[in-house]
Amino acid sequence: MEQYIVSQSKRFKNDPYAAKAWILTAKTLYPNSFNVQFENYVIEKNASNYKEAAKCFGFLATNFHQNPPSPLWEEISEITKSMRVPEEQLTPAQEYYMKMFHHLQYDVQHKLLLLTVKHADNPFEQCKLLILLLKRFPQTIVTHSPGLLDMIVQGINLDPVKYKDMLVNEAIPLIYHKTPELPPHLVCTIFTVSLQFYVKKLVDEESTETVQDMWRKVFEILGLCGKMLKWETILPYNKSWSKQVYCQKLIQIVTSSDGRTTGEQKFFYAITLFIFSLQEYIQSIQKTKSNETEYVLVEGYNENDIAGSRVESIEPPVISTGSLSTQNVSIAFVTATTCWQILNGELFRLQFNQLLITLPLNSWISIFMFDLAVYFYHHKEALKMLDEVKGSSLQREIRLLSLMLSQGPLSVPGFECILKILMDLPTVIGTLYENMNMQIKTRHLMLLPLTKKAVIQYCTKAILNCLVRKFLTDPQVSDIVLGNILVLSQLEHPAETTIAEQVFQRIRSKRYFSYMLVPTYIIAIDYVEEFAHIWHTYNCEYNFEFLAPQQHIGGSSSRRIGTRGADKGVREDFKQVVKQQIAHANDDIMSLIVKFITHEKQTIYQSIT
């Protein structure tokens, strides 16, 4: 009888009033029949009566949810599918389901979504549906989010990419303002996974998000985890703080010993600050675009070393940057170093190494570890790591030269390294490095920009400082050393004049100077004028000897120019030299210095040994 009445109702599908009459009779006779109640729902659905359809569907969902018959489950599935489609992309059928769903009672909506979660096809789908439930019913977040987070964490072993993305971009944002009670180990895992997620994006540099936005989210998640772990001291992310201020506050937490900060909290803040600083350091010294300049951490120059009066200090090295734009880079490196020391202490070493294995930081760490060895003056370790550090052949040679210079004045192997560097100069011109020589009572390191001028300057300084050391410690130093000093010191003239003035003072006191390369390599106008001044003022008391211009460029004679007892021809040669040098005063000094070092290497070998 029931089946007959339902079939009659279906027969009048084009006559809704007749169909309703039949189904009303069926409902009276068989109020608990699924087939009767579902047909009643279908009639209202076909008529697009959302409100009535919702009442019918609510009855079905309430009374038949324990083991939903196939037709009911198909409708439930269509509802949940529609809820996951953006509003502007809804089909007419999906639009019906959404409108009907909105007319369902609150408890029915909730029960419906819970039912779909329970009967999901796989764990990932279950998590997606549970997120949908929490978005629709935020008041249930505290109740259902622990289960959701636990499922996501377990699912990471099945599909790391999908589940990590779901955790960071969908699940965590739900619990910022409705923080659930979670087991500490789950909270720690949530933060670790979030850190892995963002570190990969930072290393790959493929995200549409800015670096600043990604770090903001990392620190927000760190604060959320601290709240769930009930840390006493939590450092919220403050947009108004500069990176330097934020780092200082983090360092205070990491290094505190007031008893309020747990070891767990110190570890998480230290690892976050370490990667935060490491990322800024590495991405600042590495070139990510063709127009950017790369930097290499190298041994700097110290006036006290040159004078032989360096005072050993337990103070850390001073890192100069040469320009204001890179000052924060040295701060980032020192901050990363501080965190590295904390994390490699007895308390955190094992935990840190285990976490480090899961982070895609190998390329960054190899550079940092080499620079760390340079920073702490671990010469042997740095040499062992030299070939493991990512970089060009030019970077390798500069690092090798730096390690040699850290052991003392320039040696013959160091000079050979310079010759290789000058054969492989960067194409970017750049500018001279400011204050390459510092006068400090500890080691001087510098972030050397890989530009043509700065690299030539660094190599030139290595030779010049070696010669100046000889000059300052040996009153009888040869004229070759004096002449080479004058040639090389032209690079930073007139910004640096002290050493040239001292050399000319030595020449005056000797009353003799023999340097055959003056006509070829001395072009600084002040130097030429100083020779001319001595010539005109003391021509009977001083003797200069160097090749006349035509002889040096290929003449067969080796006639020298001198001031004492010189004939008229020689005097004319000297005047000609002065005129020639003045004419070349505006020549490219960089090219001249490179030519001098590479073409006159035997003269330089002789002067540095």
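## Strand 1, strand 5 and their sheet

In this predicted model, V298 stands opposite M446, a residue of strand 5. Strand 5 covers residues 444–449 and is joined to strand 1 by five bridges, the two strands running antiparallel; strands here are DSSP runs of E with at least two residues, and helices are runs of H or I with at least four, both numbered from the N terminus. Strands of a sheet pair through backbone hydrogen bonds, either parallel or antiparallel.

The open sheet has three strands in the order 1-5-3, with mixed pairing, where two strands count as paired if DSSP finds at least two bridges between them. Its edge strands, each pairing on one side only, are strand 1 (295–299) and strand 3 (318–320). On average, neighbouring strands are turned by 25° against each other, direction ignored.

## Helices on the sheet

Helix 20 (residues 393–406) packs on the sheet, where it touches strand 1 and strand 5, and its direction makes about 20° with that of strand 1. Helix 22 (residues 452–473) lies across strand 1 and strand 5 and runs at about 145° to strand 5. Axes are lines fitted to C-alpha atoms, for helices over the stretch in contact, and angles run from 0 to 180 degrees between N-to-C directions; contact means heavy atoms within 4.5 Å.

Helix 21 (residues 412–422) has the buried residues G414, F415, C417, I418, L419, I421 and L422, buried meaning under 20% relative accessible area with a 1.4 Å probe, protein chains only. Their cover includes helix 20, helix 22, helix 29 (589–599) and helix 30 (601–608).

Y50, A53, A54 and F57 of helix 4 make the contact with Y96, K99 and M100 of helix 6.

The axes of helix 24 (residues 498–510) and helix 26 (residues 525–537) come within 12 Å and cross at roughly 20°, which makes helix 24 roughly parallel to helix 26, as angles under 35 degrees are classed. Here A500, F504 and R508 in helix 24 meet Y527, E530, F531 and I534 in helix 26.

## Notes on the model

Residues are numbered from 1 along each chain as its sequence is written. Local features need pLDDT of at least 70 and side-chain atom pairs count only at pLDDT 80 or more, while totals for chains, interfaces and linings use all residues, and side-chain values use heavy atoms, with hydrogens and water left out.

Terms used:
Buried < 20%, exposed > 50% of the residue type's maximum accessible area, 1.4 Å probe, protein only. Parallel < 35°, antiparallel > 145°, perpendicular 65-115°, else oblique.
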